[in-house]
Amino acid sequence: MDTRVAVISIIVEDSDSIETLNQLLYDARDHIIGRMGIPYREKGISIISIAIDASQDIISALSGKIGRLKGVSTKTAYSNVITHTEEKHD
């Protein structure tokens with residue numbers, strides 16, 4: 001399985017979606033390199049940046065799930081760094 005490094009940028013405008021967003025990020029914890037959150041109280045939004053190293057499918061699926069949340073927008077930037085790993089067969 002090949003993995004890529006990417007950054008998922010998230011803007012949360014509806015605080016009711018935060019619990020679901022946090023659950024999605026928790027579920028992807030094995031792939032997340034780091035997370036930075038900035039509450040922008042003056043505008044009533046939260047800005048979150050997620051660094052992730054995972055397969056293209058996992059990154060796309062996570063970004064898609066996040067983008068479907070009410071009041072949440074997301075964009076993903078992919079690096080050209082691809083790691084080739086061997087899949088383990090039992």
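## A residue to start from

In which strand is the place of T74? T74 belongs to strand β4, where helices (H or I, at least four residues) and strands (E, at least two) are DSSP runs numbered from the N terminus.

The model is a predicted one, in which local features need pLDDT of at least 70 and side-chain atom pairs count only at pLDDT 80 or more, while totals for chains, interfaces and linings use all residues. Residues are numbered from 1 along each chain as its sequence is written, and side-chain values use heavy atoms, with hydrogens and water left out.

## Overall build

The protein has two helices and four strands, and these elements follow the pattern β-α-β-β-α-β when read along the sequence. Taken along the principal axes, the box filled by the C-alpha atoms is roughly 50 × 25 × 20 Å.

Of the 90 residues, 28% count as buried, a term that means under 20% relative accessible area with a 1.4 Å probe and protein chains only. Among the contacts (heavy atoms within 4.5 Å) in the protein with a separation of 6 or more, 69% are between residues 24 or more positions apart.

## The sheet

The four strands form an open sheet in the order β2-β3-β1-β4, with antiparallel pairing; two strands pair if DSSP finds at least two bridges between them. Strands β2 (32-40) and β4 (72-84) stand at the edges with a single partner strand each, so one side of each has no neighbour in the sheet. Direction ignored, neighbouring strands are turned by 10° against each other on average, with axes taken as lines fitted to C-alpha atoms, for helices over the stretch in contact, and angles running from 0 to 180 degrees between N-to-C directions.

Between strand β1 (residues 2-12) and strand β3 (residues 45-54), the antiparallel pairing extends over nine bridges, and V7 has A51 in β3 as its bridge partner. Helix α2 (residues 56-67) lies across β1, β3 and β4, and runs at about 175° to β4.

## The surroundings of T74

Is T74 buried or exposed? T74 counts as buried because its relative accessibility is 17%. Leaving aside residues up to four places away in sequence, T74 touches I8, S9, I10, S63, I66 and G67. I18, for its part, is 56 residues apart from T74 in sequence, and the two are 14 Å apart in space, C-alpha to C-alpha.

Conventions. Buried < 20%, exposed > 50% of the residue type's maximum accessible area, 1.4 Å probe, protein only.
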